[in-house]
Amino acid sequence: MQLRDDILDFSPYSPGLSIDEIKEKYNLTNVIKMASNENPLGISPIVEEVLKKYASFGFRYPRSGNLELVKKIFKKFHIPEKNIVIGNGSDEIIDILIRIICTSYRDNVVVFDPSFSIYRIQAKFHGIEVKFVPLNNDFSFNFEQMLELIDSHTKMIFITNPDNPSGYTVLSEEIINFVDLVPSSVIVIVDEAYVEFCDDPEQVTCIKEVLKRDNLCVLRTFSKIYGLAGLRVGYGILPELLADYFYRVRLPFSVNILAERAAISVLDDENYVELTRNTIICGRRYLTDRLTSLGCYVYPSQANFIMFKPPMDANKVFEGLLKQGVIIRPLKSYGLKDYLRVSIGREDENRIFISALKKVLREE
Ligand SMILES: Cc1ncc(COP(=O)(O)O)c(C=O)c1O
């Protein structure tokens, strides 16, 4: 069998470990997962009811374009419908944007290093060169160097704000000042997967700026604050022309009926969203304090996770936690072997994590 030469060195995406895998491996009954930045409250009870109600529609095709969800987003965030796109997770939107903006084996995209892996993986898959701009030592963004790397074949730039895996966050003003210096032929994608967890999301989001420009897009997801990671829904706010072409090429039914219904209903579940936000903001304070007092170097985060450098070998800490049934995320695959990332959990999970970590550090 003959495959494309340039995909032969691809390896499967490495997701966080699953609860069942760890239960089996260490013979444990209780395992908590704080590895994939999911919503620690589980699914919204309103969504659960809606899923039961619409399960019987599973034999129908969804309506192409997910018009009801688009209308709901328009009502909720006052963004014109013609600028809104829906995808099978923001992952799908990233993939399609790369394919409709860049020409294979000619163009390049620029990303920070490290950054969310899907940008570079999908670019590589479509034969697009990826140029990397190292983050500063404190994980802040080096916009000057990013500007220097842009050349005549640069078509896209990805910025994650708040950033993954560091949690570093800039105000929208700083991004807009940067966008103003970027050539208008280069599209800047601001991935705001975690923006709802910021102390003041309004100061961070670039959503309103998209409507004033032709080269700015904002991506959002239902996987995090809305707790729908397993259903796969994301949305993007794009310049009108890009949104139009997005729908011309997107597979017509990529967002299924249940995912669409769940997304529509969770937008109305203000209690769930508020409770999630409070859980994350309190948990972030608690974990930052505790980790610091245990001798970890904690990077300031505005997201639903915290990156830290433990005072001993990070992999030993990761393994030691696993043995006690706590799954967090080692950052080796981001090129950060000395760092770990923990997703903020419920109060009880945060306490279990901290006492397991104390045990690992004591036993060193
Ligand atoms: C920065 C960033 N963007 C996008 C995503 C993917 O979101 P979705 O589940 O909507 O595909 C993630 C998931 O972890 C992420 O960290």
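Q: Is E349 buried or exposed?
A: This is a predicted model, in which local features need pLDDT of at least 70 and side-chain atom pairs count only at pLDDT 80 or more, while totals for chains, interfaces and linings use all residues. Residues are numbered from 1 along each chain as its sequence is written, and side-chain values use heavy atoms, with hydrogens and water left out. Buried means under 20% relative accessible area, exposed over 50% and partly exposed in between (1.4 Å probe, protein chains only). The relative accessibility of E349 is 10%, so E349 counts as buried.

Q: Which residue forms a salt bridge with E349?
A: A salt bridge is a side-chain nitrogen of Lys or Arg within 4 Å of a carboxyl oxygen of Asp or Glu. The closest N and O atoms of this pair are 3.5 Å apart. The partner of E349 is R346.

Q: How many residues apart in sequence are the parts that K155 and D107 tie together?
A: These side chains meet in a salt bridge, with N to O at 3.2 Å. K155 lies in strand β5 and D107 in the loop between α4 and β3, so the parts they tie together are separated in sequence by 48 residues.

Q: What is the relative accessible area of D199?
A: D199 forms a salt bridge with R284 (3.1 Å, N to O). R284 lies in helix α12 (residues 270-293) and D199 in the loop between β6 (187-191) and α8 (201-204), so the pair ties together parts 85 residues apart in sequence. R284 is buried at 6%. D199 is partly exposed, with a relative accessible area of 48%.

Q: At what angle do α4 and α5 pack?
A: Helices (H or I, at least four residues) and strands (E, at least two) are DSSP runs, numbered from the N terminus. Axes are lines fitted to C-alpha atoms, for helices over the stretch in contact, and angles run from 0 to 180 degrees between N-to-C directions. The axes of α4 (residues 89-101) and α5 are 9 Å apart, and the angle is about 40°.

Q: Which residues of α5 make the contact with α4?
A: Contact means heavy atoms within 4.5 Å. D91, I94, D95 and I98 of α4 meet I118, Y119, Q122 and A123 of α5.

Q: Where does P114 lie?
A: Most residues other than glycine have a negative phi, and most peptide bonds are trans. The bond from D113 to P114 is cis, with omega near 0°. P114 lies in the loop between β3 (108-113) and α5 (117-125).
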